[in-house]
Amino acid sequence: MEPAGGFSLKARDDRFLRAAATVLKNYTIVRRRMTERGWVVFDVQGGTEDYVVKIHPEWHGQPQCSCPDAAQRARDDTRGFCKHIIATLLKHDEFRGQLLEVFL
Ligand SMILES: [Zn+2]
């Protein structure tokens, strides 16, 4: 797989808006009790489909989401940060710093 190439400020801001207006407001983000090889796992429910977001507490890798946007458009435009990842990071103080990835 090719590494993420471009970056679009508009695409990023658009996803922040959707994260705040849709995901944080209407979806449920549930943190699983068990981690997966050090990754903290969240179930994001409430959209047309449920997705899984994984975040590494020590930032050993980029946050991941199982949604199609993370694999395609967000991968090309916002370093893989979809609205589910952004909302999950926004919601949890301890992980919020990882949002810097899309500001630097
Ligand atoms: Zn996603």
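**A loop glycine and the helix that follows**

Gly80 sits in the loop that joins α3 (73-77) to α4 (83-91); helices (H or I, at least four residues) and strands (E, at least two) are DSSP runs, numbered from the N terminus. The model is predicted: local features need pLDDT of at least 70, side-chain atom pairs count only at pLDDT 80 or more, and totals for chains, interfaces and linings use all residues. Residues are numbered from 1 along each chain as its sequence is written.

Gly80 counts as buried because 21 C-beta neighbours lie inside 10 Å. A residue is buried if 20 or more other C-beta atoms lie within 10 Å of its own, exposed if 12 or fewer, and partly exposed in between, with C-beta atoms placed from the backbone. From Gly80 to Thr35 the C-alpha to C-alpha distance is 21 Å, with 45 residues of sequence separating the two.

The protein has 4 helices and 4 strands, and their order along the sequence is α-β-β-β-β-α-α-α. Its C-alpha trace spans about 35 × 30 × 25 Å along the principal axes. The radius of gyration is 13 Å, which agrees with the value near 13 Å for a compact globule of 104 residues; this radius is taken over C-alpha atoms, and the globule rule is 2.2 Å times the number of residues to the power 0.38. Of the 104 residues, 29% count as buried. Among contacts with a separation of 6 or more, 43% link residues 24 or more positions apart; two residues are in contact if their C-beta atoms, placed from the backbone, lie within 7 Å.

In soluble globular proteins, nonpolar side chains tend to be buried together. Here the largest nonpolar core has 19 residues, and those with the most contacts inside it are Val53, Cys65, Ala70, Phe81, Cys82, Ile85 and Ile86. At least two residues of this core come from each of α1 (9-26), β2 (40-45), β3 (51-55) and α4, and α4 gives the most, with 4 residues. Such a core is a set of buried Ala, Val, Leu, Ile, Met, Phe, Trp, Tyr and Cys residues joined through C-beta atoms within 7 Å. Leaving aside residues up to four places away in sequence, Cys82 touches Arg15, Cys65, Cys67, Asp69, Ala70 and Ala74.

α4 is largely enclosed by the rest of the structure, because 7 of its 9 residues are buried. These are Lys83, His84, Ile85, Ile86, Ala87, Thr88 and Leu89. Their cover includes α1, β1 (28-31), β2, β3, β4 (64-65) and α2 (68-71).
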